[in-house]
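Hello,

Here is the structure I promised to hand over. Please open it first, then read my notes below.

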Amino acid sequence: MMRNLLPVLTVVLAILAIWYLAAFAMNRAWVMDQAARAGETPGLAQQIAATMNQDRARLPAPHQVAAELYDGIFGKKITSKRSLVYHGFITLQATMWGFALGIVFGVALAVLIVLSRVADLMLMPWAIISQTIPVVALAPMIVVLTNAMGAGSLMVPKAIIAAYLSFFPVLVSMVKGLTSPDAMQLDLLRTYGATRGQVFRKLRLPASMPYFFASLKIAVAASLVGAIVGELPTGAIAGLGARMLIGSQFGEPMIMWAALFAAAILAALLIFAVGALERLLNRAMGAQPA
Amino acid sequence: MTGERARKDSALPADPQPQSGAAPVIRAAGLDLTFQTGDGPVHALRDVSLEIGRGEFVSFIGPSGCGKTTFLRCIAGLEQPTGGELTVNGLPPDEARRARSYGYVFQAAGLYPWRTIAGNIRLPLEIMGYDKREQVSRVEKVLDLVELSGFGKKYPWQLSGGMQQRASIARALSFDADILLMDEPFGALDEIVRDHLNEQLLALWARTGKTIAFVTHSIPEAVYLSTRIVVMSPRPGRITDVIDSPLPRDRPLEIRDSEAFIAIAHRVREGLKAGHADG
């Protein structure tokens, strides 16, 4: 892990450098404008200082975002409506529900497709087509439908949208995994006179596990995206997506940026958690330690 | 000694019937197998007639495409012949397969990486419905047979190639089939390991008295292991020569330097060349 640290750190530093330069460039126009009104001509050092500390900067500097993040996570009570932890938890709930639904749906469809040629021909094309429809367009429709069916909160449509995005990687990986055993393995089971069910339980299912876990990381990230997208066009007031929307609507870029980074941190945590779970289960199933 | 010399001079192929008078375990008569491919028909097997008796060790040797693996798969019921007769233990091959009459060993060990060695050997026993206690005792017995006792709890990645192949053989022995079909099982291993495994296989054969059909590319291996050697050639796949081995059943590795051994190997090589010339 230490070997990975130096390259990652280098990239992070490069990004920060570019960010600072961009912040300077983008905020400079407003600073120069203000200065012209007051009849002043600020030197470079003053320009830099001014662009790095604006209240409503077009592009907040990294340290400003960091400060806002810190305040939002540790500076507010967890139950406060301004707390990023509170909003993060709302988004996390929808993400987890969507993730669970996506896994169940993805695995069930995959099993069906592998066991039945008819299902394969019928379902696979529709699964692929479903992913080509822009989710942002679909989201309001799903909200309206679920409301009409009596769902009270926004949690249901958000979970559905999250599941919609996360079931596909699981489906594709499971199908690949379930069909991964080669002809020799299948022949071996034929020589034992195994039934189709036995071949499935004893060979196909265990063989698909590595593929399944690989897809989980993608699926959890997709689920988070789905949950946030679900908050955007639906007039939500809680959740990280809602915070981003409020920040942009009310001209408070700091709120927007802080929510954005909070979402990124949440995604990183989720992927890390899924990865750790995968390593644990791999060891339990006797895989070679990498 | 004179008997061996007489056999060495004989140019005729030996009688394809087994020496004992008992009913053959595997019987093929005029077996044909033609694959219809996009490039036209492929005669994988043509007019193959052979009888293998109980307790024999028969090797099949020949270049690629001579039909030796195809013949083995026909016996196993994994391929359907397009002509002729084939019976295993008096049954059609598919019924024999369902009756679990044989164990099959492939060139690759094919162990499941998510199961321990013991778990892998249990696989056929689980499928065939043996109860738990029976499974445990059988696993121990066959691990002992292939000298892998104590490795039951290890995973395949922890074993060398030779040991994995021994585990694969143990798996084929676990359900007491009296026929063993082996398709170049030691082909992927180096010569030193191969020699060791050849010795072990002979010892196993002596202990269990199974009927073994063994496909190989290696002339010394075929001559060392078998009571009978079937030389095949391709295009179309057919039997060119059947050699009854005069070597004693109890064979140390040193026998490979003996005159009798070299003579048989020579005859095998002649049979292969003849097949090559025709094909």
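A word of caution before the findings: this is a predicted model.

Start with the layout of chain A. Chain A splits into domain 1 (2–59) and domain 2 (84–284). The C-alpha centres of these two domains of chain A are 38 Å apart.

Next, look at where the chains meet. On chain B, 19 residues are in contact with 16 residues of chain A. Two elements of chain B each give two or more residues to this side: α3 (93–98) and α4 (117–128). Of the elements, α4(B) contributes the most, with 4 residues. The side of chain B that touches chain A comprises 14 nonpolar, 2 polar and 3 charged residues.

Then turn to a helix pair inside chain A. Helix α6 (residues 135–148) of chain A packs against helix α9 (residues 196–231) of chain A. The angle between them is about 60°, and their axes lie 9 Å apart. Angles from 65 to 115 degrees would count as roughly perpendicular, and those under 35 as roughly parallel. The angle here therefore makes α6(A) oblique to α9(A). The crossing of the two helices, α6(A) and α9(A), is right-handed.

Which residues meet there, in α6(A) and α9(A)? From α6(A) come A:Val135, A:Val136 and A:Ala139. From α9(A) come A:Gly226, A:Val229 and A:Gly230. By class, this contact of α6(A) with α9(A) has 4 nonpolar residues, 2 polar and no charged.

Over to you.

Best wishes

Terms used:
Residues are numbered from 1 along each chain as its sequence is written. Chains are lettered from A and ligands numbered from 1 in the order in which they are written. This is a predicted model: local features need pLDDT of at least 70, side-chain atom pairs count only at pLDDT 80 or more; totals for chains, interfaces and linings use all residues. Domain bounds come from an automatic or database domain assignment. Two residues are in contact if their C-beta atoms, placed from the backbone, lie within 7 Å. Ala, Val, Leu, Ile, Met, Phe, Trp, Tyr, Cys and Pro count as nonpolar, Asp, Glu, Lys and Arg as charged, and the others, Gly among them, as polar. Axes are lines fitted to C-alpha atoms, for helices over the stretch in contact, and angles run from 0 to 180 degrees between N-to-C directions. Angles under 35 degrees count as roughly parallel, over 145 as roughly antiparallel, 65 to 115 as roughly perpendicular and the rest as oblique. A crossing is left-handed if the near helix is turned anticlockwise from the far one by less than a right angle, and right-handed if clockwise.
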